Amino acid sequence: QIADDLLDIASEGEVSGKTPGTDLREGVLTLPMLLAQSAQRTEDAELLGLLGRPLPDDAEHARALELMRAHPAMAQAQARADEFASAAVEQLKRLRDIAQDHPTEFAAPARVESVLVALEIVCAATANRSAPTSRSAVHDHSTPASTATPPVSIATSRCSGVAQTRK
């Protein structure tokens with residue numbers, strides 16, 4: 001969800017396929033906006049006046065997007081998303097270890113491994129909003145997974161770290 005919230009603010013419509021700032025326009029507060037509100041910076045007075053209410057005026061909407069894109073709250077929300085990605089990777093590692101230590105008919109290591117590889121790809125795709133085309137794309141750090149929205153670069157390396165730590 002945080003990746004989607006960041007994408008909504010950071011992306012250009014022609015790149016993401018989404019209309020930028022939909023949540024801003026509708027007055028929906030997302031994590032980056034809540035973080036901006038909680039920053040209590042005097043220089044945010046204009047932005048705070050725009051957040052949390054519908055913005056049907058195109059000029060106000062464009063200004064709110066501009067201010068949010070430049071706000072440190074975007075990096076803070078990115079860091080929070082990275083924390084969630086890391087926690088998810090740790091849980092995937094635990095599943096792999098459990099399956100190897102306690103194989104059953106339904107949790108045979110090979111079956112679990114197939115599911116975990118699929119989850120790794122989903123993790124990378126969600127983090128980058130661009131799905132790798134194969135299992136090798138998850139392992140290959142020389143090829144960027146996405147160049148569409150640099151501000152929304154949630155820890156793909158952390159997601160793919162699961163694949164690198166296999167026993």
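**Figure 1. The face of helix α6 turned away from its buried side.** In this predicted model, that face of α6 carries Ala-59 and Ala-70, which are exposed (exposed means over 50% relative accessible area, buried under 20%, and partly exposed in between, with a 1.4 Å probe and protein chains only). Helices here are DSSP runs of H or I with at least four residues, and strands are E runs of at least two, numbered from the N terminus. Residues are numbered from 1 along each chain as its sequence is written, side-chain values use heavy atoms, with hydrogens and water left out. Local features need pLDDT of at least 70 and side-chain atom pairs count only at pLDDT 80 or more, whereas totals for chains, interfaces and linings use all residues.

**Figure 2. The buried side of helix α6.** Helix α6 comprises 13 residues, 58-70, and reaches 19 Å from its first C-alpha to its last, close to the expected 18 Å (1.5 Å times one less than the number of residues). His-61, Ala-64, Leu-65 and Met-68 are buried in α6. These residues lie on the same side of α6 because they cover an arc of only 100° around the axis, the arc being that of the directions from the helix axis to the C-beta atoms. An α-helix has 3.6 residues a turn, so residues three or four places apart point the same way. The buried residues of α6 pack against α1 (2-10), α3 (22-26), α4 (31-39), α5 (45-50) and α7 (73-101).

**Figure 3. The N-terminal end of helix α6.** Asp-57 caps this end of α6, with a side-chain oxygen 3.2 Å from the backbone nitrogen of Ala-59.

**Figure 4. Helix α1.** Of the 9 residues in α1, 9 are buried, and the helix is mostly covered. The buried residues include Asp-4, Asp-5 and Asp-8 as well as Ile-2, Leu-6, Leu-7 and Ile-9.

**Figure 5. The largest nonpolar core and Met-33.** This core has 18 residues, and those with the most contacts inside it are Ile-9, Leu-24, Met-33, Ala-36, Leu-51, Met-68 and Met-74. Helices α1, α4, α5, α6 and α7 each give two or more residues to this core. A nonpolar core is a set of buried Ala, Val, Leu, Ile, Met, Phe, Trp, Tyr and Cys residues joined through side-chain atoms within 4.5 Å. Leaving aside neighbours within four places in sequence, Met-33 is in contact with Ile-9, Asp-23, Leu-24, Val-28, Leu-51 and Met-68 (contact means heavy atoms within 4.5 Å).

Conventions: Polar contact = N/O pair within 3.5 Å; in protein donor to acceptor, adjacent residues only side chain to side chain.
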